[in-house]
Amino acid sequence: MRVLFAGTPAVAVPSLNALLDAGFDVVGVLTRPDAPLGRKRVLTPSPVAARADELGLTVIKADRIDDDAVAAISALAPDAAAIVAYGALIPERALSIPAHGWINLHFSLLPAWRGAAPVQHSVIAGDEITGASTFLLEKGLDTGPVFGQLTESIDPSLTSGELLERLSHSGAVLLAQTLAAIQAGRAVPVPQSGEISLAPKLTLEDGHLDWEQPALALRRRINGVTPEPGAWTTWDGARFKIGAAIPRPDVTDLAPGQVRLGSGSAAVALVGTGSSALELQRVQPAGKKMMSGADWARGLGQREDVVFE
């Protein structure tokens, strides 16, 4: 079966590899155009484009499916298109090009968390179970019938980035299995059923921590917005990033946002919340690199005037 693969970020690369390992004829790759990265803003191919170049595959770079992209896709004559986090909508005129349609790998248990950031929202919401789904792409936002799903428990210590990395590999297997079932004529997509929830792309403000919230909710938010857009608060009028924190239910005498610092061998940074405290494990003060919370505490000594807002 001739397959067009559409994807952009690193989490899509395992799926491209899985389709090739399963013996599918990947006739081309659709990905977003090169983007400026780093301080020097050097134009850099997407991870999927870089992998496709290594494999010698035909690459179509488009930030939207216009007339030129439609013509390029049609010229490849795919029997099916597999899509994983491509990053742009597929218009109706392109949906009809492959005979078997576009099969989307989505990192949620649809219809839960339809949208661009399903894993992040699942972690923030405190879900205990997440997963991945393969479904037939249609005009609506992640509304198509489902071919298959897998489930995975959410370890409360994992960031959304770490969880997404795990799902990218298990989901790649599911995608290859789905395409194999379609090729064999055994795939029967089932309409979605259950409670619908939405997962829009996160903004910088989604990472702003409200210290009036309870410790567990704050930890989930920190994990959910890591690595992007990142969790942050303000201190001395500047943004202060927090990369990791754990609840300290034994510390209940700190006001929300109030910071207690230990020094020397007992160096620790505790911050009050709407319930018990959080222990800051990874922090990044303005203008500095990410460091351990203990190292930050040692650097400040016994200061008692630190308050997050």
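Author: The questions and answers below set values for this structure against the definitions of the terms.

Reader: What kind of model is this, and how are its residues numbered?

Author: This is a predicted model, in which local features need pLDDT of at least 70 and side-chain atom pairs count only at pLDDT 80 or more, while totals for chains, interfaces and linings use all residues. Residues are numbered from 1 along each chain as its sequence is written, and side-chain values use heavy atoms, with hydrogens and water left out.

Reader: How many helices and strands does the protein chain have?

Author: The protein chain has 8 helices and 15 strands. Both are DSSP runs numbered from the N terminus: helices are H or I with at least four residues, and strands are E with at least two. The C-alpha trace spans about 70 × 45 × 30 Å along its principal axes.

Reader: Why is Gly 194 called exposed?

Author: Exposed means over 50% relative accessible area, buried means under 20%, and partly exposed lies in between (1.4 Å probe, protein chains only). Gly 194 has a relative accessibility of 59%, so Gly 194 counts as exposed. Its place is the loop between α6 and α7 (215–224). Ala 112 is 82 residues away from Gly 194 in sequence, yet 7.9 Å away in space, C-alpha to C-alpha.

Reader: What makes Asn 104 buried or exposed?

Author: The value for Asn 104 is 9%, and therefore Asn 104 counts as buried. Asn 104 is part of strand β7. Leaving aside residues up to four places away in sequence, Asn 104 touches Ile 83, Ser 133, Thr 134, Phe 135, Leu 137 and Asp 142. To touch here is to be in contact, with heavy atoms within 4.5 Å.

Reader: Which class does Leu 136 belong to, and why?

Author: Leu 136 has a relative accessibility of 26%, so Leu 136 counts as partly exposed. Leu 136 belongs to strand β8 (residues 129–136). Leu 136 and Asn 104 are 32 residues apart in sequence but 6.3 Å apart in space, C-alpha to C-alpha.

Reader: How much of the protein chain counts as buried?

Author: Of its 309 residues, 48% count as buried. Strand β1 is mostly covered, with 5 of its 6 residues buried. In helix α1 (residues 13–21), the buried residues are Val 13, Pro 14, Ser 15, Leu 16, Ala 18 and Leu 19. Among the elements that cover them are β1 (2–7), β2 (25–31) and α2 (47–55).

Reader: How do you know that β1 pairs with β6?

Author: Two strands pair if DSSP finds at least two bridges between them. β1 and β6 have 5 bridges and run in the parallel sense, so they pair. Gly 7, for example, has Val 84 in β6 as its bridge partner. β1 is also joined to β2 by 5 bridges, again in parallel, and Phe 5 has Val 29 in β2 as its partner.

Reader: What is the order of the strands in the open sheet, and why do β5 and β9 stand at the edges?

Author: The open sheet has 7 strands in the order β5-β2-β1-β6-β7-β8-β9, with mixed pairing. β5 (59–61) and β9 (146–153) each have a single partner strand, so one side of each is left without a neighbour in the sheet.

Reader: What makes a space a pocket, and which residues are closest to the centre of the largest pocket?

Author: On a 1 Å grid over the protein atoms alone, a pocket is an open set of points with protein on both sides within 12 Å along at least five of seven lines, whereas a cavity is a set where a 1.4 Å probe fits but cannot get out. The largest pocket holds about 1600 Å³ of space, a volume being the space filled by probe spheres set on the points, which are joined across faces, edges and corners. Its lining has 48 residues, and the closest to the centre are Pro 9, Ala 85, Tyr 86, Gly 87 and Ala 116; a lining residue has an atom within 4 Å of a point.

Reader: Why is Ala 85 called partly exposed?

Author: Ala 85 has a relative accessibility of 35%, so Ala 85 counts as partly exposed. Ala 85 sits in the loop between β6 and α4, and has a positive phi of about 50° although it is not a glycine.
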